[in-house]
Amino acid sequence: MDFILAGFIEAFQLLLGGDGETWSAVTATIKASTGSMAVSLVLGVPLGFVLGYFDFPAKRQTRLVVDTALALPTVFIGLMVYAFISNRGPLGGMGLLFTISGIAIGQTFLALPVVIALSATAVESMDRHLKMLLISLGASRRELLFSSLWEVRYGVLAAGLTAYGRVMTEVGISMMVGGNIKWHTRTITTAIALETGKGMFSTGIALGVVLLVIAFGVNVCLSFLRSK
Amino acid sequence: MKKKIVVNGVLLLAIILVLTLPTFATEKAVMMATTTSTDNTGLLDYLAPHFTKATGIDLKWTSVGTGKALKMGENCDVDVLLVHAPPAEKAYVENGFGINRREIMYNDFVIIGPERDPAGIKGKDVVTALDAIRDKGTVFASRGDDSGTNKKEISLWKATGKAVPEREKWYVQSGQGMLSTINIAAERNGYTMTDRGTYIKYADNMNGNPPLKVLVEGDKILLNQYSVLTINPERCKKAKIDQATAFSDWMAGDDAQGLIKDFKLLGKPLFVPNAK
């Protein structure tokens, strides 16, 4: 069992020693997850707000669809995206297979439902008295909308963080769409899968620790944003 | 306060944009689908820099089972294949999916198991050994993933003249790569069949003292031939046929054949070059 301890020691050697392969995987992970998160937030937050704030026909049914999409398995998303962007697929001409962009597209399908659903929940659970208060203070519809948006910022932040967690740690999409290509699309999670496949458990553990260190960094940055 | 967050947000977006800008790949590259054994043993990590140095072409590969590798070629998603399932490869060429099948190297399959050998297969021929494992009901880990190794293993069960095991309690189908499957066999104190290259890599991981030992080897039907196939450019217009051919030529050439011969772990060669 000494490979567990060896793994933790190796993690710091990999990070501090500037190991090229590790840093290449770190960059690939950050690029793919940042791309997918950017798209998911830009599309998902407004959609989530609309879903939570306004009343419209078929609202409950829409909510049901979004909530079901929370359970999308990553390997299934990976397979579907592969089928579409394979050279024999409908989007084959775009050269997206085995690229970071391809992974980011897949991860967007993973993150988008999380952002929409959690943003909507944040809006729904907003203090109802606040709305009353604002109206009684004579706020216009527009002002009401903007102050509601401002009120739910922490909920949206939590939605983003949850989605980010899923995106960073998924392996199905990266493996199927990215192909785990060394120096190109090998992410931290696919590298862990490979190292485990090679029987190099301690390196696998080390890479897992590396992933957690990055997640910690992201959370530290966001907590500053929050405290301001 | 609001302003500050807006500024932060804009900054963040700018960083995101820079990070996600497509990196324009100008260098020449060839995309290969290959089997887990060539990747897990470290052979490709060892060969790739030599290939790039000799030809100026970047070698990218994705390692999957031979079944999936062939499928990726059929879908025109890769340019070249390095696989090990001769009957499937020949059918593949006949169906017009691939061209120019070239034998590059071989090693052999071995049946490995715990040292105390509960089914008593040590030194037996393949058919007798598999019959003994079946009769005793000792755990046997199978890849179960339609890889080249899996195809070979199924053909060996067929050679015993009885049905290929499927739902038997002792027959564990891992659906994973070779080293993971060996680890499963080791954890369950069972047998498995592996290519010798991966076994040596496994022994090397275990510091030369693996719990599973080679028990059956040297039978003629255990030969494991690796070949390179180029994707048929008439079906796949976008395939980088020149680069793929360059790889095929290089692998069959003296340089690569010499490198393969020198690729050793624990002082043992993992593959024997045999390009014609």
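Analyst: Leaving aside residues up to four places away in sequence, Gly65(B) touches Thr35(B), Thr36(B), Asp145(B), Asp146(B) and Ser147(B). Please keep in mind throughout that this is a predicted model.

User: Where does Gly65(B) sit in chain B?

Analyst: Gly65(B) lies in the loop that runs between β2 and α4 of chain B. Its C-alpha atom is 8.9 Å from that of Ser37(B), a residue 28 positions away along the chain.

User: And is Gly65(B) buried or exposed?

Analyst: Gly65(B) counts as buried, because it has 27 C-beta neighbours inside 10 Å, and the cut-off for being buried is 20 or more.

User: How much of chain B counts as buried?

Analyst: Of the 276 residues in chain B, 44% count as buried. Strand β1 of chain B, residues 29-34, is mostly covered, with five of its six residues buried.

User: Which strands does β1(B) pair with?

Analyst: β1(B) pairs with β2(B) in the parallel sense over six bridges, and Ala29(B) stands opposite Asp58(B) of β2(B). β1(B) also pairs in the parallel sense with β3(B), residues 80-83, over three bridges, where the bridge partner of Ala33(B) is Leu81(B).

User: Zooming out, how many helices and strands does chain B have?

Analyst: Chain B has eleven helices and twelve strands, and its C-alpha atoms fill a box of roughly 75 × 55 × 40 Å along the principal axes.

User: What domains does chain B have?

Analyst: The domain assignment gives domain 1, made of 29-107 + 223-273, and domain 2, covering 109-222. The C-alpha centres of these two domains of chain B lie 25 Å apart, and the contact between them takes 20 residues from domain 1 and 20 residues from domain 2.

User: Which elements are on the domain 1 side of that contact?

Analyst: The elements that give two or more residues to the side of domain 1 touching domain 2 are α2, α4 (66-74) and β9 (223-231) of chain B, and the largest share, three residues, comes from α2(B). By class, this side of domain 1 has eight nonpolar, eleven polar and one charged residues.

User: Changing topic, how many residues do chain A and chain B bring to their contact?

Analyst: That contact takes 25 residues from chain B and 22 residues from chain A. On the chain B side, the elements giving two or more residues are α1 (2-20), α2 (36-40), β2 (58-63), α8 (178-187) and α9 (196-205), with the largest share, six residues, coming from α1(B). The chain B side divides into eleven nonpolar, ten polar and four charged residues.

User: What confidence does the predictor give to chain B and to the complex?

Analyst: Chain B averages a pLDDT of 88, and 90% of its residues score at least 70. Over residues 21-26 of chain B, however, the pLDDT is below 50, and beyond near neighbours in sequence this stretch has one contact in the model. For the complex, the predictor gives an ipTM of 0.74 and a pTM of 0.79.

Terms used. Residues are numbered from 1 along each chain as its sequence is written. Chains are lettered from A and ligands numbered from 1 in the order in which they are written. This is a predicted model: local features need pLDDT of at least 70, side-chain atom pairs count only at pLDDT 80 or more; totals for chains, interfaces and linings use all residues. Two residues are in contact if their C-beta atoms, placed from the backbone, lie within 7 Å. Helices (H or I, at least four residues) and strands (E, at least two) are DSSP runs, numbered from the N terminus. Ala, Val, Leu, Ile, Met, Phe, Trp, Tyr, Cys and Pro count as nonpolar, Asp, Glu, Lys and Arg as charged, and the others, Gly among them, as polar. A residue is buried if 20 or more other C-beta atoms lie within 10 Å of its own, exposed if 12 or fewer, and partly exposed in between; C-beta atoms are placed from the backbone. pLDDT is the predictor's confidence in each residue, from 0 to 100. Domain bounds come from an automatic or database domain assignment. Two strands pair if DSSP finds at least two bridges between them.
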